[in-house]
Every structure is written in structure tokens, then in C-alpha cells.
Amino acid sequence: MTQNHPSLDAYWMPFTANRQFKAAPRMLVGAEGMHYTTDDGRKILDGAAGLWCVNAGHGRKRIAEAVERQLHTLDYAPSFQMGHPAAFDFAERLAAIAPGGPEARLDRIFYTGSGSESVDTALKIALAYQRAIGQGARTRIIGRERGYHGVGFGGISVGGIVNNRRAFPQLPGTDHLRHTHDLARNAFSRDLPEHGAELADDLERLVALHGAETIAAVIVEPMAGSTGVLLPPKGYLERLRAISKKHGILLIFDEVITGFGRLGKPFATDYFGVVPDLVTTAKGITNGSVPMGAVFCSRAIHDAMMQGDPAAIELFHGYTYSGHPIACAAGIATLDIYKEEGLLTRAAELTEYWKDALHSLKGLSHVIDIRTLGLVAGVELDPRAGAPGARTYEVFLDCFKNGAYVRYTGDIIALSPPLIATKSHIDELVTILGTAIRRAE
Ligand SMILES: Cc1ncc(COP(=O)(O)O)c(C=O)c1O
């Protein structure tokens, strides 16, 4: 064990092989810009923006100062039947850049504390809205295979990752579209995959099976991140939008990863030019500095809920930490940084370089696909016989040992560095990853 470690016993770590980790811990003790520092004093290039959240890089003083100021001014305020200025200010700032463009901005904002809470909130808003407009029989929610929507019961019910589901009961009345991952037809696409738009017709199939009048909403990640960087086939999202609209089914984009500049536009909604009814966000909303999430809602949904007795609570939902003053202060400072440094569109400037750098790994043994979009990449490796995920774990360890942090999920390495990355950071990351893949057996 390295320096100054307290006992590792008490902390039950999330999504971690606890015993394996505690036998050989990887400890981060500091962070600045593009790098972490480990407890043995090594600099580690952050190839994943933490968990897809530190879009403006680490150690941003402006955020720290805003948080400190807010802590001294108003550390906490209840948000049920009470308000505080930072929550309203931040909502106005978010509304000004909200997904959908000036015509169709989803500019009504409901605060949460995380991506999982944003997902459950969006599902509940969808159900409440359908009821409010006299469509109360619409209680069914459709997700997609291989989707990741966090770990709440709503999120795992519409999600499609078996290990996150098998030990737990799920909401009744959910169903799933097929996923769009198709290596046989689309491997090594340099742009969006050509094949698979027709998979959106699964929604028609589910309408035929269940009846449109029972379906409240469909939720997808416009680009699926945590399940291994799965890109939407050309035309797929447009088709899903058309079918959902035709049947009165709300479309929810889960932009917890793609929100706040990851694809080179403020939101994937803007990148693809397909406007859903609700957008879930978290992570980059505060640059990962303070836990927070937000659901962006269309005015049609919001306004439909603002009917009836004005003294009645319109939505029986909210969290102790909805609109937390510290998170709002961090969020406002984060948006200032994004604006001043052009970070919500910076990925677009790097995307060709990024693509070329990643595709240079084509031809290495075990590499069976490379996918990039914005400043995201997935490098898929052939699974080792009888030991799925073992090869990527080795690659992850090798990268960490040699100065880079990458994510892996199953047999896919996922990269999503902070949006302040330079070309030389990209070169370094790809070199470390390529060397690790070459060494993996
Ligand atoms: C698309 C998506 N939705 C929801 C979540 C859950 O977010 P959180 O871990 O903040 O609850 C994630 C987390 O990675 C995500 O990628």
C-alpha cells in the first residue's frame, strides 16, 4: 500500500470490484487541467473527463471561487415553496442555450441531483403530462437494449444493460427497442453508421403490439456512451422522432453525456437537428464539480401542467437538493467558462484530428471496431475466449500505469477527454492506448 492510506474497509465502492481494487488501489489525490495526480506523485492524462463530466478540465478556480462565495452567502435553501436567486439565474442561463434552437427551445428547467434523478424525473414528467392532457392510459415507457439511463428503478427499467438489471425488479409496462450496434454492417465507419435507420421502426412494432394509447414516452441516448459508444445510424433519430410524434408518444433524449459540448454543439439535439420533447442532463452542467442534473422540458409540456387551481402543486416531485445553491453557483461559473472559452463548440474543431488519430489504431491485433463522434471514441476489442472484458481491463491498467486514464465497458475502451484537450494531448492519449493494446494478449 502507498502513502497515507486510511483503512480501505469501510467504503463500499460503486461499480467497482471492491476486493480486487483494495488489493491494489489506484488513488487519485489531485487534479489540474488535463491531468490527475496519483498518491505516488504521477501525472495521469485524463482520457475520460473523469466520468464524462469534467468538460472544462480540472481545478477551475472560477468555479471554486463561486462555490466559496455562495457557501458564505447562502449555503442551503429549501426549494419547496421557497426560492433563491441563484436557482432562477441559472435556469435563465440554461434556458438561453437550451436544446432545440430558438424555434423549439426546451427552456423549462427542472433541477435534480444527478443523471439518474434526471432520468426518473423525465419519465415522471412524461407520465404526469399524459395524464394532464387526458391521456392517462399512456403509462407504458419504451427504452432501448444496451441503453444506460442510470441506476434508479425507472432508469434500469428502460435501460438495457443486463448486469444492471438482473438482480432487481423493474417497473411494469416497459418495453425496449432493439439496439443499433451492428459490427457486421458498420465496423470502422468514419462517420455515422450507414446501416440501421430502419431499427427505429421497432417503435411502430411496439405500437402495433401494445397500442399507441398505452405508451407515454420513448427514451434513448442520442449517442449511447456508457454502453460502449454506440452511434446512431444515419436517419435513425429522425425516424424515431417522426414515429413518436405521429403516435402522440413523447421523445426523451438522455443527454447526460452528450450535453454541454461533447459532440461539438451545446447538445446532441442541436448536433443531430432532431428535437425531442424532454432532454435529461447532469455531469457537465457543473463541470462535475458539484452533483447536479437538470431536465429540459418543452413549453408545451410545461404549460400543459400549469393549469387548474393556481394554489395547487402542479407536479408532486422534487428533491431536497433540487436547485441547491452551491450547485447553481458552480453551474453559472461553469457556463461562464464554457462561453468564454468556446467549449460548447470546441469539440467540432478537434473532431477531424481526433478521428484520424483514433483510426490510426485500425489494424492493431484485437481491434475490431473504432467509432468516433465529437470528442468521444470507442475502440472495440475482440473478447478473449471465455473471459469477456479481461482484455480491456488489462489495457485500462496498462494505460494507467503509463500515464493515461481511460474507461472501459465490456470489451470496449471509451475515450472522452476534457474539451480543453490539445492535439498533443490527443497524440499522447492515442499513443499510450495503442501501446497498451499492442501489449495485450
Ligand atoms: C446517458 C446516461 N444517463 C444517466 C446516467 C446516470 O447519471 P448519474 O451517474 O449521474 O446518476 C449516465 C451516467 O453515466 C448516463 O451516461
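1. Pairing here needs at least two bridges found by DSSP between two strands, and strands (E, at least two residues) and helices (H or I, at least four residues) are DSSP runs numbered from the N terminus. Within this pair, Ala217 has Leu250 in β8 as its bridge partner.

2. A word on the model before going on. It is predicted, so local features need pLDDT of at least 70 and side-chain atom pairs count only at pLDDT 80 or more, while totals for chains, interfaces and linings use all residues. Residue numbers run from 1 along each chain as its sequence is written.3. The two strands of the opening point belong to an open sheet of seven strands, ordered β4-β10-β9-β8-β7-β5-β6 with mixed pairing. At its edges stand β4 (108–112) and β6 (174–177), each with a single partner strand, so one side of each has no neighbour in the sheet. From one strand to the next the twist averages 20°; angles run from 0 to 180 degrees between N-to-C directions, with axes fitted to C-alpha atoms, for helices over the stretch in contact. Helix α10 (residues 202–210) packs on this sheet, touching β5 (140–144), β6 and β7, where contact means C-beta atoms, placed from the backbone, within 7 Å. The direction of α10 makes about 150° with that of β6.

3. There is also an open sheet of four strands, in the order β1-β2-β3-β13 and again with mixed pairing. Its edge strands are β1 (28–32) and β13 (404–405), each pairing on one side only. Strand β2 (residues 35–38) and strand β3 (residues 43–46) run antiparallel and are joined by three bridges. Tyr36 has Ile44 in β3 as its bridge partner.

4. Which residues are closest to the ligand? They are Ser114, Gly115, Ser116, Gly150 and Val256, among 14 that surround it; a residue counts as near if its C-beta atom, placed from the backbone, lies within 6 Å. Helix α6 (residues 115–132) gives the largest share of this shell, three residues. By class the shell has five nonpolar, seven polar and two charged residues. Here Ala, Val, Leu, Ile, Met, Phe, Trp, Tyr, Cys and Pro count as nonpolar, Asp, Glu, Lys and Arg as charged, and the others, Gly among them, as polar.

5. On to helix α17 (residues 423–439), which packs with helix α16 (residues 390–401) at an angle of about 130°, the axes being 9 Å apart. That makes α16 oblique to α17; angles under 35 degrees count as roughly parallel, over 145 as roughly antiparallel, 65 to 115 as roughly perpendicular and the rest as oblique. Val395, Asp398 and Cys399 in α16 meet Ile432, Leu433, Ala436, Ile437 and Arg439 in α17. This contact has six nonpolar, no polar and two charged residues.

6. Helix α15 (residues 343–359) also packs with α17, at about 20° and with axes 10 Å apart. The two helices, α15 and α17, are therefore roughly parallel. From α15, Tyr353, Trp354, Ala357 and Leu358 meet Lys423, Ile426, Asp427 and Val430 in α17. Six nonpolar, no polar and two charged residues make up the contact of α15 with α17.

7. Lastly, helix α4 (residues 85–96) and helix α14 (residues 325–340) cross at roughly 35°, and their axes come within 9 Å. Ala86, Ala87, Asp89, Phe90 and Arg93 in α4 meet Pro325, Cys328, Ala329, Gly331, Ile332 and Leu335 in α14. The residues of this contact divide into eight nonpolar, one polar and two charged.

Technical notes. Two residues are in contact if their C-beta atoms, placed from the backbone, lie within 7 Å.
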